[in-house]
Amino acid sequence: MAQFWSNSIVIWPLLLSCLCLNLARNMAEFPRIEHYRKRNVDRIAFLVVGDWGRGGNFNQSRVATQMGDIGKKLGIDFVVSTGDNFYDDGLKGVNDPLFQLSFTSIYTAKSLQKPWYTVLGNHDYHGNTEAQLSPVLRKHDNRWRCKRNFIVGAGIVDIVFIDTTPFVGKYFNNSKNQKFDWKDVLPRDKYLSALRKSLHLALSKSRAPWKIVVGHHTMRSIGHHGDTREIVDQLLPILEAHKVDMYINGHDHCLEHISNNKGMMHFLTSGGGSKAWKNDIHYGKNNDTVHFYYDGQGFMFVSLTHQRANVLFYDVSGKPLYHMRIRSTDKKFTTV
Ligand SMILES: [Zn+2]
């Protein structure tokens, strides 16, 4: 009996601390980067590009040149990357020459020398994910800010960046041909559950007039991959419950704008940073409305004020393709 009690004295505190650690992990807040601390920022503007790193090939350099020009003309605070940053297999390590070849020496325009807030895509998971997440990369290029999940606060907007690759079941079931670096993601269920809770927490706490979520995978898309079922099932209800204004993604190598049936939430794909395919259209079975689809290279510009949001898409030659505007008072949107 005495032995039982002496063991219990050792075991119970251990069990309790494990439970607390587990709860803490499940309710952990995403790290927050304050781009601007002040709430009275009048205007925030940024470019969005995805699916880009190919050493300048497949028009990556041409898109980069136009991003530089539009960034200068319209003025931007930062750049958002929607992932698949380095093809085909991410980075091998922090000293992989691809980082210089596909990022630093491509996006050279003065207007693009701002923070690049970026998430990982499925191709980045083929390589060493820790390398892209490592602060060492900032020694190579100070613009680079990549985390799995994080929040960028910029006064009038909170942008929540989320790691969507671990949601996709086929990457786990079908991994014979493609290797994925799941370090720090397993056990998967725990990781995804914690992610959903932290996303819910981040959006609950947000007091910013505009709320945006960025992830690599599509939620609504008529491009090559179409909707990502797991993301629709597990994340869309959280975004709708918190009245998120925009979900921005890459993965499909196109530019598109789809709104939900109430016209209150906007699915924006900007995955035209390099390679793109023509005539690859797959209509999903839902009640959402496709307003714009372009199966070519290009990028997106977003500006936000207290009064309105403007979203513009540009092609590889800098030609404006589409412009939509959302009014902040009632969140009604119009095409311009
Ligand atoms: Zn992808």
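Trainee: What share of the 336 residues in the chain is made up of buried residues?

Mentor: Buried residues come to 41% of them. A residue is called buried if 20 or more other C-beta atoms lie within 10 Å of its own, exposed if 12 or fewer, and partly exposed in between, with C-beta atoms placed from the backbone. Keep in mind that this is a predicted model: local features need pLDDT of at least 70, side-chain atom pairs count only at pLDDT 80 or more, and totals for chains, interfaces and linings use all residues. Residues are numbered from 1 along each chain as its sequence is written.

Trainee: Okay, why does His251 count as buried?

Mentor: His251 has 28 C-beta neighbours inside 10 Å, so it counts as buried. You'll find His251 in the loop between strand S9 (246-249) and strand S10 (255-259). Strands here are DSSP runs of E, at least two residues, and helices are runs of H or I, at least four residues, numbered from the N terminus.

Trainee: What is noted about phi at His251 and at Lys331?

Mentor: Neither one is a glycine, yet phi is positive: about 75° at His251 and about 60° at Lys331. Most residues other than glycine have a negative phi, and most peptide bonds are trans.

Trainee: Speaking of peptide bonds, which kind joins Tyr87 and Asp88?

Mentor: A cis one, with omega about -10°. Asp88 belongs to the loop between S3 and helix H3 (98-104). Leu186 and Pro187 are also joined by a cis peptide bond, with omega about -5°.

Trainee: How do you know that strand S3 (residues 78-81) and strand S4 (residues 116-118) are joined?

Mentor: Two strands pair if DSSP finds at least two bridges between them. Here 3 bridges join S3 to S4, and the two run parallel. One of the links is Ser81, whose bridge partner in S4 is Thr118.

Trainee: What is the order of the 8 strands in the open sheet?

Mentor: They go S5-S4-S3-S2-S13-S14-S15-S16, with mixed pairing. Strand S5 (144-146) and strand S16 (333-335) are the edge strands, as each pairs on one side only.
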